[in-house]
Amino acid sequence: MSVVLRSIASYIPQNRVDNQALAATLDTSDEWIRSHTGIGARHIADDGVLTSDMAAEAARAALAKAKITPHDLDLIVVATATPDYFGFPATACVVQEKIGAFGCTAFDVVAGCSGFLYALDIASSMLEARHGRHAIVIGAEQLSRVTDWQDRSTAVLFGDGAGAAVISRIDEGGRGCLAFMLGADGGGARDLYLEQAPRTSAYERATPIVPKIVMDGKKVYDFAVKSITVLIERIMHATAYRLEDFSWIIPHQANARIIQAAGKRFGIPPEKFYLNIDEYANTSSASIPLALAEMDAKGLLKPGDLIMLLGFGAGLTYGAAVIRW
Ligand code: UT7
């Protein structure tokens, strides 16, 4: 028995905001954004749409593809840095109600942009420990809600969306989640965080929290390149696979230059990395499942393909997964 990724699906808001549209209100340009990040556009959730709505849409599509019903689910894990409610209840519980998966275990994982990989490892470990048969793992973000739209150094980077994977403990000879590697460096916690004004007086505590993203881009950039390098080396060492055994490497989509730098380090041809940052920008924990869903829709993932997922982000966290598709 192994834990197999049975289906993958996504929800992308229709509202597409390209770089020119941002340049109309911010001191930036399409040229700067593209040349520094590889981003051409981002999709922004409509007013009234919550993280759980996008997560539920992606989940329904993934369940339909896997041909299982919400009642078959034993577990829902949502990775998000932008939950419907900061603190509690878990967005996974809201999603459970929205898709009608009553009674199953549901909780959130907070691990920044590595969230989907953390959630996938936790969910597959729980299935392996026989806490059920079917789980849905969702990465969903409404980063537009915590973006400081006056800060050009971060406003151009992020987008909204959700991706969901149905995983099942079944016997499908050789397929499945083969290896995970997770890590964190809390020393960099303040390099990328949600700033909330200090609330010391009773008056301040009475006003709602409006968090916004603050990032030391240079530090996170260096961390990201180092993390990818270390993760690839460790995965090779732990699994004895060679780079040429992998059909695809699917990284967190934060900056095309980060991927190019890591690729150069190992001499990996650029076409082995799947990138869609041009269209969706950085969607944090949604970015890896969004990329997988797009690849699946394009028929790029063939049964038996060996793929590597790589994540890095707030925490600072990092993670990798090796999957036989
Ligand atoms: O998903 C979580 C992980 N996140 C990441 O991995 C992000 C990692 N960091 C990065 O991707 C890059 O550091 C950024 C894309 C955030 C920034 O790129 P950079 O090449 O490091 O630019 P910079 O911050 O060094 O800024 C260079 C210049 C500055 O101007 P001066 O000081 O040289 O005059 C900035 O003020 O570019 C300026 N700048 C901009 N100009 C036009 C910064 N943002 C913009 C902008 N438009 N949007």
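Modeller: Start with a term. Two strands pair if DSSP finds at least two bridges between them. Keep in mind that this is a predicted model.

Now the pairing itself. Strand β6 covers residues 134-142, and strand β7 covers residues 160-170. They run antiparallel and are joined by nine bridges. Take one of the residues involved, E141. Its bridge partner in β7 is G161.

Step back to the sheet that holds this pair. Five strands form an open sheet, in the order β1-β7-β6-β4-β5. The pairing is mixed. Which strands stand at the edges? They are β1 (2-11) and β5 (105-109). Each has a single partner strand, so one side of each is left without a neighbour in the sheet. On average, neighbouring strands here are turned by 20° against each other, direction ignored.

Next, look at what lies across these strands. Helix α11, residues 287-297, lies across β1, β6 and β7. Its run makes about 90° with β1.

Four strands make up an open sheet with mixed pairing, in the order β8-β13-β12-β11. At its edges are β8 (176-184) and β11 (248-251), each of which pairs on one side only. Neighbouring strands of this sheet are turned by 15° against each other on average, direction ignored. Inside the order sit β12 and β13. Strand β12 (residues 306-313) and strand β13 (residues 317-324) pair in the antiparallel sense, over eight bridges. Here I307 stands opposite I323 in β13. A helix packs on this sheet: α8 touches β8, β12 and β13. The direction of α8 makes about 145° with that of β12.

Helix α8 spans residues 217-239 and helix α9 spans residues 256-266. They pack at about 40°, with their axes 9 Å apart. The crossing is right-handed. Which residues of α8 meet α9? They are Y221, A224, V225, I228, T229, I232 and E233. On the α9 side are R257, I258, I259, A261, A262, R265 and F266. The residues of this contact divide into 10 nonpolar, one polar and three charged.

A further helix pair is α3 (residues 51-66) with α4 (residues 91-99). Their angle is about 55°, and their axes are 9 Å apart. That makes α3 oblique to α4. This crossing is right-handed. From α3 come T51, S52, D53, A55, A56, A59, R60 and L63. They meet T91, V94, V95, K98 and I99 in α4. By kind, the contact has seven nonpolar, three polar and three charged residues.

Last, charges. Side chains of opposite charge can pair when their charged atoms come close. How many salt bridges does a search of the whole structure find? It finds 14. E279 lies in helix α10 (residues 277-280) and R16 in strand β2 (residues 16-18), so the pair ties together parts that are 263 residues apart in sequence.

Key
Residues numbered from 1 in each chain as written. Predicted model: local features only at pLDDT ≥ 70, side-chain atom pairs only at ≥ 80, totals over all residues. Heavy atoms only, no water. Helix = DSSP H or I, 4+ residues; strand = E, 2+ residues; numbered from the N terminus. Axes fitted to C-alpha atoms, helices over the stretch in contact; angles between N-to-C directions. Contact = heavy atoms within 4.5 Å. Parallel < 35°, antiparallel > 145°, perpendicular 65-115°, else oblique. Left-handed = near helix turned anticlockwise from the far one by under 90°. Nonpolar A, V, L, I, M, F, W, Y, C, P; charged D, E, K, R; others polar. Salt bridge = Lys/Arg side-chain N within 4 Å of Asp/Glu carboxyl O.
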